[in-house]
Every structure is written in C-alpha cells, then in structure tokens.
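Keep the viewer open as you read.

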Amino acid sequence: MPQLTARQQHTWYSTPRWAALRGQALASDPFCRRCLRLGRRTRATVVVHVRAHHGSEALFFNRVNVSPFCPACVDRLDALIERNKRRVVAGKSIDAATDTREPVGTEVAGK
Ligand SMILES: [Zn+2]
C-alpha cells in the first residue's frame with residue numbers, strides 16, 4: 001500500500017468527515033482527558049489521535065482512536081511522545097506516554 005505524503009494526510013484535517021468526528025469527540029468528552037486524570041476539569045479544544053495513524057485512513061477517522069485534550073496538555077504530550085518515541089512507535093499509545101510518574105502541576109509556562 002502506498003504511503004500517503006504528510007501533505008496528503010494533512011488535508012484529512014480539513015475534511016467534513018474530520019470536522020464531524022472532532023465535533024463528536026468534543027461533544028462526548030468536553031474535558032481534557034489528561035487534566036481529568038490529574039483531577040482538573042479543563043475544557044478540551046484539541047482532538048488528537050491516541051495511536052499514531054501513520055497514514056492509515058482507518059486509524060485517522062476512528063472515533064475510538066481520537067481523544068480530546070487542552071492545548072497545554074497537547075504540548076506536554078508532544079514532549080512526552082518525543083521522549084518516549086521508541087515505545088510509542090513500538091505500538092504503545094499516548095496513554096502509555098502519560099503514565100510516567102510526573103508530578104502534578106508542572107505545566108511548562110510561556111509556551
Ligand atoms: Zn489538559
């Protein structure tokens with residue numbers, strides 16, 4: 001199966017299909033998933049893929065594979081994923097990346 005280019009994958013974010021999926025995710029989970037886990041209720045505004053889709057349309061448009069987060073947590077997750085890249089690429093999810101024993105309330109300011 002041919003790999004889609006990053007540019008082609010990016011256009012999926014501008015499709016009505018993605019808009020609908022994103023809307024569904026935010027409607028059913030209005031609060032940031034990571035913040036909830038840390039005991040905070042922060043409104044989620046960003047929907048991210050739990051498992052990297054790697055150009056898979058099925059994974060990209062899968063309601064089960066998307067989860068709402070707040071922008072601060074997405075930045076945080078990006079950093080954690082970078083740090084845990086080997087594990088994430090090996091098939092672990094963002095959940096695995098968030099399960100590090102980090103202290104609560106250490107959001108990086110100024111980003
Ligand atoms: Zn959050």
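In helix α5, the buried residues are C73, R76, L77 and L80; a residue is buried if 20 or more other C-beta atoms lie within 10 Å of its own, exposed if 12 or fewer, and partly exposed in between, with C-beta atoms placed from the backbone. Looking down the axis of α5, you will find its buried residues within an arc of 100°, so they line one face of the helix; the arc is that of the directions from the helix axis to the C-beta atoms. An α-helix has 3.6 residues a turn, so residues three or four places apart point the same way. Turned away from the buried side of α5 is a face with the exposed residues D78 and E82.

Before going further, note that this is a predicted model: local features need pLDDT of at least 70, side-chain atom pairs count only at pLDDT 80 or more, and totals for chains, interfaces and linings use all residues. Residues are numbered from 1 along each chain as its sequence is written.

Now for the core. The largest nonpolar core has seven residues: C32, A44, F69, C70, C73, L77 and L80. Helix α5 (residues 71–83) gives the largest share of this core, three residues. Such a core is a set of buried Ala, Val, Leu, Ile, Met, Phe, Trp, Tyr and Cys residues joined through C-beta atoms within 7 Å.

How far can you trust the picture? Mean pLDDT, the predictor's confidence in each residue from 0 to 100, is 79 for the chain, and 71% of its residues reach 70 or more. Confidence is highest in helix α2 (residues 16–28), at a mean of 96, and lowest in helix α7 (residues 94–98), at 50. Helices here are DSSP runs (H or I, at least four residues), numbered from the N terminus.

Terms used:
Helix = DSSP H or I, 4+ residues; strand = E, 2+ residues; numbered from the N terminus.
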